[in-house]
Amino acid sequence: MKAYRMLTGIDDSAFCHKVTEALNKGWSLHGDPVYAFDPVAAQMRCGQAVVKEVPDQDYDPAVRLGTL
């Protein structure tokens with residue numbers, strides 16, 4: 001199975017740690033990061049897609065992708 005996650009958050013060090021943790025758990029970056037200004041919160045928000053090959057597992061919508 002190929003798993004996909006979209007990591008999002010405020011553009012701060014916590015977001016960078018979230019992406020770094022995913023990379024260290026075997027996820028790979030997928031595409032470019034995205035940035036957008038949230039006018040309500042007056043903050044920049046960012047997102048990064050990540051993918052991971054999970055052998056010997058079939059896709060099931062009940063799979064918790066964050067635990068792979």
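Predicted model: local features only at pLDDT ≥ 70, side-chain atom pairs only at ≥ 80, totals over all residues.
**Entry 1: Lys25 and Glu21**

I began with Lys25, which is partly exposed, with a relative accessible area of 44%. The side chain of Lys25 meets that of Glu21 in a salt bridge, at 3.2 Å from N to O. I then looked up Glu21 itself and found it partly exposed as well, at 46% relative accessibility.

**Entry 2: the other salt bridges**

How many salt bridges does the structure hold? I noted three. One of them joins Lys2 to Glu53, with the closest N and O atoms 3.9 Å apart. Lys2 belongs to strand β1 and Glu53 to strand β3, so this pair ties together parts that are 51 residues apart in sequence. I checked the accessibility of both partners: Lys2 is exposed, with a relative accessible area of 57%, and Glu53 is exposed at 53%.

I also recorded a salt bridge between the side chains of Arg45 and Asp38, at 2.9 Å from N to O. Arg45 is partly exposed, its relative accessible area being 33%.

**Entry 3: the sheet**

I next traced the strands. Three of them form an open sheet in the order β1-β3-β2, with antiparallel pairing. Strands β1 and β2 stand at the edges and have a single partner strand each, so one side of each is left without a neighbour in the sheet. Direction ignored, neighbouring strands of this sheet are turned by 15° against each other on average.

I looked up the pairings in turn. Nine bridges join β1 to β3, and the two run antiparallel. Within this region I noted Thr8 standing opposite Gly47 in β3. Helix α1, residues 13–24, packs on the sheet and touches β1, β2 and β3. The direction of α1 makes about 165° with that of β1.

Strand β2, residues 28–38, is joined to β3 by eight bridges, again in an antiparallel arrangement. Here I found Tyr35 opposite Cys46 in β3. The hairpin of β2 and β3 has four residues between the strands, and Ala42 takes a positive phi near 55° in it.

**Entry 4: Gln48**

Which backbone atom does the side chain of Gln48 reach? I found the backbone oxygen of Gly31, at 3.1 Å. Leaving out residues up to four places away in sequence, I listed the contacts of Gln48: Arg5, Met6, Leu7, Phe15, Val19, Leu29, His30, Gly31, Asp32 and Pro33.

**Entry 5: Arg5**

I followed one of these contacts, Arg5, back to its place in strand β1, residues 2–10. With residues up to four places away in sequence again not counted, Arg5 touches Ala22, Trp27, Gln48, Ala49, Val50, Leu65 and Gly66. How far is the C-alpha atom of Arg5 from that of Ala42? I noted 25 Å between the two, which are 37 residues apart along the chain. Ala42 is the residue with the positive phi that I had recorded for the hairpin of β2 and β3.

Notes. Residues numbered from 1 in each chain as written. Heavy atoms only, no water. Polar contact = N/O pair within 3.5 Å; in protein donor to acceptor, adjacent residues only side chain to side chain. Contact = heavy atoms within 4.5 Å. Pairing = 2+ DSSP bridges. Salt bridge = Lys/Arg side-chain N within 4 Å of Asp/Glu carboxyl O. Buried < 20%, exposed > 50% of the residue type's maximum accessible area, 1.4 Å probe, protein only. Axes fitted to C-alpha atoms, helices over the stretch in contact; angles between N-to-C directions.
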